[in-house]
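I opened my notebook to look up a few things in this structure. Here is what I wrote down as I went.

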There are 2 protein chains.
Amino acid sequence: MKKSNKNAVGGPTALTCRSEETEPLRDLLAKIGDKWSILLLVALSRKPGYRARFSELQRSIDGISQRMLTTTLRQAERDGLLSRHVFAEVPPRVEYELTPLGLSLLEPIRTLIHWIGHNWDMIKEARISFDRRTP
Amino acid sequence: MKKSNKNAVGGPTALTCRSEETEPLRDLLAKIGDKWSILLLVALSRKPGYRARFSELQRSIDGISQRMLTTTLRQAERDGLLSRHVFAEVPPRVEYELTPLGLSLLEPIRTLIHWIGHNWDMIKEARISFDRRTP
DNA sequence: CCGGATCCTGGTCGATACTG
DNA sequence: CAGTATCGACCAGGATCCGG
């Protein structure tokens with residue numbers, strides 16, 4: 001393959017955009033880059049070992065619909081980010097919990113959230129400035 | 001005012017999903033969580049001080065259409081992540097370059113990319129396993 | 001030859017109603 | 001309580017044409 005362009009650029013972390021190499025990135029973005037996945041993971045990370053029920057999650061993630069919560073939960077479960085525990089009771093009870101994998105994904109997510117906390121004001125200013133000088 | 005953000009974002013433990021507190025997160029996800037923004041930033045980060053032309057970017061980001069490249073570039077420019085340099089020449093030339101803000105966003109993005117590098121196989125396995133035990 | 005604007009379709013998301 | 005089913009609105013995004 002082409003490792004030449006990885007080292008040729010001389011950056012500390014050489015990055016390319018060829019589709020073969022960014023396929024995992026694209027795929028992951030398609031998953032967790034959607035409207036709700038990250039918020040779901042964050043909601044489940046409140047406490048270590050935290051387990052939440054469906055309705056609990058729906059209450060804590062502002063504005064999510066039942067349908068989207070179901071879909072997002074399934075996605076994340078399929079990707080091994082969370083586990084689903086069904087209790088054969090009446091009324092039915094289902095609890096969701098982050099797996100170690102999902103928990104580890106929260107690390108980079110926290111980095112991102114941190115960045116936002118630091119730079120959000122700058123982005124807002126940039127937008128205002130851009131909108132002003134653009135007719 | 002960002003003084004009041006106590007543990008809203010970036011706190012080590014307490015994370016919530018109330019819409020007021022996650023508004024920046026939701027907003028940023030809406031921006032860079034789309035199909036192309038991160039790939040664009042990555043493409044522009046090949047070298048420090050790297051400047052790329054439109055067609056150059058289109059070539060390096062596999063599969064992006066002109067329209068989407070234009071849109072994505074505008075978004076990122078508006079958010080202050082990159083700057084646009086127009087040269088009054090024939091044929092016309094426009095160059096794009098990351099701003100310090102855009103450059104700093106690459107830090108968390110790299111963290112994410114690293115995570116993918118480490119955990120992608122596990123996700124793939126989880127999917128296979130999930131698909132097998134699901135009718 | 002570059003880069004931007006226009007038209008149109010397909011997928012995604014939300015609202016609502018219903019079931020185990 | 002925890003989902004599933006169906007429908008419709010909306011917008012991302014691809015093809016295509018346009019301006020310089």
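Before anything else, a cut-off I need: an angle of 65 to 115 degrees between two axes counts as roughly perpendicular. I also noted that this is a predicted model.

**Entry 1: two helices in chain B**

I looked up how helix 2 (residues 37-44) of chain B packs with helix 5 (residues 100-132) of chain B. The angle came out at about 110°, and the axes are 11 Å apart. Helix 2 of chain B and helix 5 of chain B are therefore roughly perpendicular to each other.

Which residues make the contact between helix 2 and helix 5 of chain B? From helix 2 of chain B I wrote down Ile38(B), Leu41(B) and Val42(B). Helix 5 of chain B brings Leu105(B), Leu106(B), Ile109(B) and Ile113(B). I sorted the residues of this contact by kind and got seven nonpolar, no polar and no charged.

**Entry 2: DNA strand C**

Next I checked what sits around DNA strand C. I found 17 residues there, and those that come nearest are Arg67(A), Met68(A), Phe54(B), Gln66(B) and Arg84(B). Of the atoms of DNA strand C that come within 4 Å of the protein, 50% belong to sugar and phosphate.

Then I went after single atom pairs. In Arg67(A), an N or O atom of the side chain is 3.0 Å from a base nitrogen of DNA strand C. Arg74(B) also uses a side-chain N or O atom, and it lies 2.7 Å from a phosphate oxygen of DNA strand C.

Which elements give two or more residues to the surface near DNA strand C? Chain A has helix 5 (66-78) on that list, while chain B has helix 3 (54-60), helix 4 (66-78) and strand 3 (93-98). Helix 4 of chain B gives the most, with four residues. By kind, the residues of this surface split into seven nonpolar, five polar and five charged.

**Entry 3: chain A against chain B**

Last, I compared the two chains.

Key: Residues are numbered from 1 along each chain as its sequence is written. Chains are lettered from A and ligands numbered from 1 in the order in which they are written. This is a predicted model: local features need pLDDT of at least 70, side-chain atom pairs count only at pLDDT 80 or more; totals for chains, interfaces and linings use all residues. Side-chain values use heavy atoms; hydrogens and water are left out. A residue is near a molecule or strand if one of its heavy atoms lies within 4 Å of it. A polar contact is a pair of N or O atoms within 3.5 Å; within protein, one must be able to donate a hydrogen and the other to accept it, and residues adjacent in sequence count only if both atoms are side-chain atoms. Ala, Val, Leu, Ile, Met, Phe, Trp, Tyr, Cys and Pro count as nonpolar, Asp, Glu, Lys and Arg as charged, and the others, Gly among them, as polar. Axes are lines fitted to C-alpha atoms, for helices over the stretch in contact, and angles run from 0 to 180 degrees between N-to-C directions. Angles under 35 degrees count as roughly parallel, over 145 as roughly antiparallel, 65 to 115 as roughly perpendicular and the rest as oblique. Contact means heavy atoms within 4.5 Å.
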